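Please look through the structure shown here. This report covers a helix pair and some aromatic rings.

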Amino acid sequence: MSFNSIAFAVFFPIVFLVYWRIPKKHQWMVLLVSSYYFYMSWNAGYVVLILFTTGASYLCGRLLVNTSSAKGKRLILSGAAFLCLGVLFLFKYYNFFAGVWCDFMKLFSLQLHPVTLRLLLPVGISFYTFQTLSYVIDVYRGRIQPEKHFGKYAVFVSFFPQLVAGPIGYLWDGSYYYGEIYREPKEPGENRFKDTFERIAGGFGRFEWGEHMDKKSCGYLEALLEYCKGKEIEVIGFVPPYAPSVYDDMVASGKYGYLDEIGTACGILFQKYGYEYFDYTDISVLDMDDSYFVDGFHGSDVAYARMTKDMVSRGEKLKEYVEEEKLDQLLGQRYNNKMFYDFLHKE
C-alpha cells in the first residue's frame, strides 16, 4: 500500500475516525494495529522482522537501565547493534558485499562464485533499524529512560506515516524526554538536571566558560536591531531563563562572568533603538523554582505564560496582542507548574 494509492485513500480516513472515536488511553492500539496492517499489506511474512527488531531493541533498553556495570552496558549495546544491523545487512547488503568480495579475490587469481540470497528488500527496514538503534544508544548514554510499555514502543517503531517516508528523528530532539516530564511531573527536589550540571562542570555543550560576553555577538545583535529599526519592524527582547539551581551553580563556579554582563549589555542595545527588553536570566525574580522547568535551561509552558504576563504588565507593546484576562484565567487553571489542563488527555 503506497501513500498515493486508492487503498490508502480508504485506509487513512478509517484510521483517523476510529482513532478519535475511542478513549484516549486506547488510541495507541489503533495506531499499532493500523501500522502493522499497513506494513503487512506489502508482505505479511516480513512482519516477523519488524517484530524481532522491535522486541530486541525494547529488551536491550530495559536491560540497560537494570545494569550497573559499564562493561555490561557496553555488551548490551553491542548486542543490540549486532542484532539490528545484522538483519539490515542480511536483507539489504549481503548480496552486494558477496559480489564485491568475489571481485576482490579475482585480483589474486581466485575464481569464486558468490552465494546470493533471493530475498525481497523489506519496506522501511533502514528506517526502523536506525530508529530502534538510536533509541538503544540514547538509553545507553542516559539521555532518556527506556519505554516501559511495549505496545507504545512498538507504535514508535512502526508508525505508518513515517515508516516508509522518514525522516529519522526522535528522542533527543526533546519530544520523548519532554513527554516523560509532562506525563509524570516530578517534585522540585527530583529535578536533578544531571546533564546540565555535567555541562557546567566541563564547560561544554552551550555552557562554555567565559569571563566576558563575545563582542562580535553583540555586534551581530546591534546590526539586527539597526536593520529592524530601519525597516520599522517592532522587536521585543528578552533573555530566556535558567532553572534557579542551574543559575546558582553557574554563578558559584566563578567561571561564567558573562552572566552579569548579558542583561546590561543587551538592555543598553535594546534601549538604544527604542525597543522593550526583559531580563529573565535569574527567574527567581518571578518567584519560580526548578519545578517550572523541563530541563536545566528550558522553561515549561507555565513558566513562559508567567513571563508573558510580566512582559504585558511592565511593557506596552504586547498589551494590544495579549488578552490579560484570558492569560490570568489560563494561569489559574494550570495542572501543575509545567502544564495546563488544556494539554492533558481527557478520558
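## A buried threonine

T54 is buried, at a relative accessible area of 0% (buried means under 20%, exposed over 50%, partly exposed in between, with a 1.4 Å probe and protein chains only). T54 sits in helix α3. Helices here are DSSP runs of H or I with at least four residues, numbered from the N terminus. Leaving aside residues up to four places away in sequence, T54 touches Y36, F150, Y153, A154 and V157. Touching, or contact, means heavy atoms within 4.5 Å.

This is a predicted model, where local features need pLDDT of at least 70, side-chain atom pairs count only at pLDDT 80 or more, and totals for chains, interfaces and linings use all residues. Residues are numbered from 1 along each chain as its sequence is written, and side-chain values use heavy atoms, with hydrogens and water left out.

## How α3 meets α6

Helix α3 spans residues 47-65, and helix α6 spans residues 150-158. They pack at an angle of about 125 degrees, with axes 10 Å apart. Each axis is a line fitted to C-alpha atoms over the stretch in contact, and angles run from 0 to 180 degrees between N-to-C directions. The two helices are therefore oblique to each other (under 35 degrees is roughly parallel, over 145 roughly antiparallel, 65 to 115 roughly perpendicular, and the rest oblique).

From α3, the contact uses I50, T54, G55, S57 and Y58. From α6, it uses F150, Y153, A154, V157 and S158. By class, that gives 6 nonpolar, 4 polar and no charged residues. Ala, Val, Leu, Ile, Met, Phe, Trp, Tyr, Cys and Pro count as nonpolar, Asp, Glu, Lys and Arg as charged, and the others, Gly among them, as polar.

## Rings in pairs

Rings of Phe, Tyr and Trp (its six-membered ring) pair if their centres lie within 6.5 Å; planes under 30 degrees apart are stacked, over 60 edge-to-face, and the rest tilted. The count comes to 28 aromatic pairs. In one of them, F12 and F160 have ring centres 6.5 Å apart and planes at 75 degrees, so the pair is edge-to-face. F12 belongs to helix α1 and F160 to helix α7, 148 residues apart. F12 is partly exposed at 38%, while F160 is buried at 2%.

Y58 and F150 also form an edge-to-face pair, with centres 5.0 Å apart and planes at 80 degrees. This pair ties α3 to α6, across 92 residues of sequence. Y58 is buried at 16%; F150 is partly exposed at 34%.
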